[in-house]
Amino acid sequence: MTDGLFRDDDLIRVVTREGALIAAGGAASLLQTAHPKVAQGVYDHSYTAENPLRRLQNTMGWLYAVQFGTRDEAERFSALVRKGHEQITGPDYEANDPELQVWVAATLFAVAAQFYQALFRRRFSDRELAELYGQTKVYATILGCPEDRMPATYADFRVYYADMVQNLRITDAARKIADQVLHPRLPTGVLGAPGLAMIRLITAGMMPAPIREQYGWTWNARRELRFRLLMGALATVYPRLPSRVRTLPREYYLMTTRRTLAKLAGQRNPVLTVRSGHKGTAA
């Protein structure tokens, strides 16, 4: 695809085309809510607890639109997200606050880079990490964050990220969200239990130790061994799957995104919202 924001050989596409990255979504999500303002906004407004699959669909739909959609699709979907985020405000937070946009983009880059390297047993060079970081700035800038609010270089990012990980303080809202994310109510019932157990282990294993400890998750030599065995098994099996299988999530979520955009095209003031027990909230 040549009419998108990126080329097929750009690292952002090489990394994010892998559907297995969805398994690391819990780590990215709970890193984001380690920020107290993000946590409070999500707790007050999100529909994650009521409809986790719809939440996943909207999140992945936006990400794939930005990464693989046409420029028009990426910009239209992001405009809808920005508009929806205007509703997400509270006494001490605004979803469109550049401070929060920078942190969310930082977690998406950090988790994707970490998980991809583990999954493919590949170590990115500093040059590659700098390239990938530069491309993933789009997660913030396309939502209106001024680029000069982002750490300018990958070296600057490392300083910023290390400082955030050491100094963020987990709130009660963040812990409640973590319980919703890690123990969702799914229609599969007990059939989904093994998959959820795997997600919980990946989430804990990928979480920086200072954040993991604040969430209160048990982490010892036994759980670390289980995590390493799991990642070893995934690294052995997953890369050998046909690419059309590995990219099925991308194809599915791009399809649903295009249907959503087509449905909203005729509306005068479209916004992505989901009605639940909370306020209507944007993707």
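Helix 4 (52-68) and helix 15 (248-264) are among the elements that cover the buried residues of helix 5, where helices (H or I, at least four residues) are DSSP runs numbered from the N terminus, and cover is judged by contact, that is, heavy atoms within 4.5 Å. This is a predicted model, in which local features need pLDDT of at least 70 and side-chain atom pairs count only at pLDDT 80 or more, while totals for chains, interfaces and linings use all residues. Residues are numbered from 1 along each chain as its sequence is written, and side-chain values use heavy atoms, with hydrogens and water left out.

The residues of helix 5 that are buried are Glu-73, Ala-74, Phe-77, Ser-78, Leu-80, Val-81, Gly-84 and His-85; buried means under 20% relative accessible area (1.4 Å probe, protein chains only). They lie on the same side of helix 5, because they cover an arc of only 155 degrees around the axis, the arc being that of the directions from the helix axis to the C-beta atoms.

Helix 5 comprises 15 residues (71-85), which at 1.5 Å a residue should span 21 Å, and its end C-alpha atoms are 21 Å apart, in agreement. The expected span is 1.5 Å times one less than the number of residues.

The chain as a whole has 15 helices and two strands, a strand being a DSSP run of E of at least two residues. Its radius of gyration is 18 Å, close to the 19 Å that the globule rule gives for 283 residues, so the chain is as compact as a globular protein of that length. The radius is taken over C-alpha atoms, and the rule is 2.2 Å times the number of residues to the power 0.38. Buried residues make up 50% of the 283 residues in the chain.
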